[in-house]
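Subject: Structure handover

Hi,

Here is the structure I promised to pass on. My notes follow below it.

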Amino acid sequence: MLAYFIRRIFSVIVMLLVISLVTFGIFFLFPKMIGTDPALYFVGKQSDPIAIEGIRQKMGLDDPILVQFGKFVVGLVAGRTYANGPDVTQCAAPCFGYSFKTEQEVWPLLLDWLPVTLSLALGAVVLWVIGGVATGVISALKRGTVLDRSAMGIALAGVSLPIYFTGMLVIAVFSDQLGWFGRPDATFAEDPGRWFNGMILPWVSLAFLYAAMYARLTRATMLEVLNEDYIRTARAKGLTEPVVIGKHAMRSTMTPILTVLGLDLGALMGGAVLTEYTFSLHGLGYSAVRAISEHDLPVILGITLISAFFVVAANLIVDLMYAVIDPRVRLS
Amino acid sequence: MTESTKTGALNQPFTGTSSAPSTAFLEVRDLKVHFPTEDGLVKSVDGLSFTLEKGKTLGIVGESGSGKSVTSLGIMGLHRVGQYGRQRARLSGEIWLDGKELLSADEDEVRRLRGREIAMIFQDPLSAMHPYFTVGKQIAEAYRVHNKVDKKTARKRAVELLDRVGIPEPHKRVDSYPHEFSGGMRQRAMIAMALVNNPELLIADEPTTALDVTVQAQILDLIRDLQKEFGSAVIMITHDLGVVAEMADELLVMYGGRCVERGTAEKVFYEPRHPYTWGLLGSMPRIDREQTERLIPVKGSPPSLINIPSGCAFNPRCPYADVPKGNVTRTVRPELTAPDDAGQDGSRHWSACHMSQEERTRIWTEEIAPKL
């Protein structure tokens with residue numbers, strides 16, 4: 001078990017390294033491919049050649065790509081000192097480098113954006129798990145009834161409607177017309193009440209999309225589980241229906257749902273691009289889009305790595321959870 | 001439709017004119033289990049009657065789809081909750097257990113009987129036990145539904161039962177998961193679960209089908225011993241006449257959702273009266289048979305239960321379909337009859353065949369028996 005765990009952690013690290021190498025390669029080769037000099041991004045187009053050369057020296061942009069990557073990885077772990085003669089800049093670990101655009105360190109920027117994305121993802125996950133699973137279970141138990149059909153109809157709509165549509169719709173109706181909810185324009189630290197009120201629409205819009213998928217998944221799994229022999233056994237023991245469904249059937253139904261949930265949550269923590277953009281939430285997703293449009297490569301690289309980290313970590317957690325949920329699974 | 005079978009006679013003890021409370025321990029009267037489907041009405045069980053006393057074993061024999069398992073689920077009242085297949089079953093008839101009619105009883109009353117007075121052993125213990133709960137928890141749960149005891153007491157009871165059904169180191173194995181048991185051990189655990197409340201009626205649905213032959217005999221012995229100990233009535237459902245031959249007091253042979261032959265095990269086994277029973281006996285491998293002799297399979301396949309042929313359901317597969325049957329109308333279904341030959345204990349030997357009894361006795365003694 002411990003050996004397995006260590007092996008998995010090790011493979012996570014290797015995977016992150018590979019992901020960063022690939023990303024690093026793509027993003028730092030990109031300027032060369034389109035014939036620009038990365039140093040130009042730092043200094044602006046009007047700068048004199050001496051300044052450009054200075055930046056190139058300082059950032060190590062002339063080194064071979066693998067050397068640059070090596071320095072980048074070391075910087076992540078131990079911090080990094082950029083120096084060009086007397087011009088020295090200290091970048092503390094984890095050092096993701098500097099934004100081309102604002103010349104700020106990337107890591108503090110990420111730390112600014114991350115809470116926005118996390119609060120969006122975690123708030124939505126609570127809503128969609130409760131809503132989706134409950135809908136799915138009720139639909140399965142009432143299979144074929146009007147209730148089931150309408151729930152699944154709404155779920156189908158939920159799966160098909162893109163977030164920029166539902167998002168715009170709820171903003172137009174509940175924010176602009178009815179004025180029930182505000183826009184997300186305050187952080188939690190500034191004004192918790194205002195923050196919460198502003199987050200409700202993003203949460204609901206994002207959760208609706210996922211709840212729809214989870215309702216369908218839950219319904220299908222529950223129907224399958226209800227046909228299992230051990231459910232018949234549970235009933236044959238004389239257990240009441242709430243126990244049969246709530247304990248015996250739910251236990252099995254939750255396994256695939258938790259798997260998908262772990263992966264979805266991992267992916268979402270790397271940024272819910274469309275939701276963040278629709279609601280102007282300055283989280284990782286929103287910032288990634290902006291960084292891409294501004295060719296801000298260090299920022300893109302930072303966000304990519306953070307996202308990859310969440311996905312890989314979620315995968316690991318899901319695998320470990322399996323062993324807890326399903327006693328038949330042996331970790332080895 | 002579903003509602004009418006479920007609650008129609010809720011407030012009356014029984015409906016219909018022929019119904020008088022049964023004095024037998026278990027009496028099934030004209031049980032019908034029908035499933036409405038898109039293709040038509042599937043008559044899984046179509047008019048089944050039998051009685052069973054405490055301490056006795058009834059063997060129900062038939063091939064897949066003859067209605068034997070559906071019968072047991074009907075007795076358990078499991079048709080009320082959940083679904084078999086896509087549609088809810090429609091049941092009619094009467095099931096009397098210990099003076100109570102079960103089909104008209106309300107669901108909660110039947111639920112309280114399930115697992116306490118009527119318990120069931122299922123065919124495949126691996127799929128019949130929940131993979132995520134320990135064996136001990138599953139047994140203890142069955143005990144705690146019907147007894148107000150704390151977890152510790154229930155666990156002790158589970159260990160006790162595991163010990164009784166012959167599981168070594170029960171205090172350790174109680175915490176094992178079903179997949180950590182061997183097939184035979186799992187079936188023992190299943191039996192422990194069924195017996196945890198000392199049920200008066202035990203239904204074993206193909207309890208040995210999923211097991212190795214060597215383990216089969218052990219499990220059958222165990223069920224027999226436990227029956228003696230607990231004095232329960234046992235319904236043993238199987239497609240294998242060999243399994244019930246020595247265990248059952250009475251045998252009931254089902255074909256196409258109906259009983260085609262019923263009598264004491266001895267009579268049915270040694271003087272079978274229905275061509276289908278002959279077929280079952282002929283298809284049984286026996287060690288004392290010459291190796292050069294082939295098994296005699298029952299030709300053809302079981303009837304579709306949607307369109308059961310009019311007349312005798314076995315007719316299309318019956319090797320004696322062409323034997324002249326006097327002035328019998330072929331499209332009439334043969335009824336169960338018993339010649340006036342009650343045994344010493346008053347038991348009678350029923351069969352449903354258009355051929356005369358004399359003709360069948362002749363065919364059995366002259367043509368079939370010598371080949372077996």
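Which domains does the domain assignment of chain A give? Domain 1 covers 2–91, and domain 2 covers 106–325. Keep in mind that this is a predicted model.

First, the overall picture. Chain A has 332 residues, and 35% of them count as buried. Its secondary structure comprises 13 helices and 2 strands. The C-alpha trace spans about 85 × 60 × 35 Å along its principal axes. Take the contacts in chain A between residues at least 6 apart in sequence: 65% of them join residues at least 24 apart.

The centres of domain 1 and domain 2 of chain A, taken over C-alpha atoms, lie 35 Å apart. Each side brings residues to the contact: 11 from domain 1 of chain A and 11 from domain 2 of chain A. On the domain 1 side, helix α1 (residues 2–33) of chain A gives the most, with 10 residues. By type, the residues on that side of domain 1 of chain A split into 8 nonpolar, 2 polar and 1 charged.

Last, one residue. M213(A) sits in helix α8 (residues 192–226) of chain A. Why does M213(A) count as partly exposed? Because M213(A) has 17 C-beta neighbours inside 10 Å, and a residue needs 20 or more to be buried but 12 or fewer to be exposed.

Best wishes

Note on methods:
Residues are numbered from 1 along each chain as its sequence is written. Chains are lettered from A and ligands numbered from 1 in the order in which they are written. This is a predicted model: local features need pLDDT of at least 70, side-chain atom pairs count only at pLDDT 80 or more; totals for chains, interfaces and linings use all residues. Helices (H or I, at least four residues) and strands (E, at least two) are DSSP runs, numbered from the N terminus. Two residues are in contact if their C-beta atoms, placed from the backbone, lie within 7 Å. Domain bounds come from an automatic or database domain assignment. Ala, Val, Leu, Ile, Met, Phe, Trp, Tyr, Cys and Pro count as nonpolar, Asp, Glu, Lys and Arg as charged, and the others, Gly among them, as polar.
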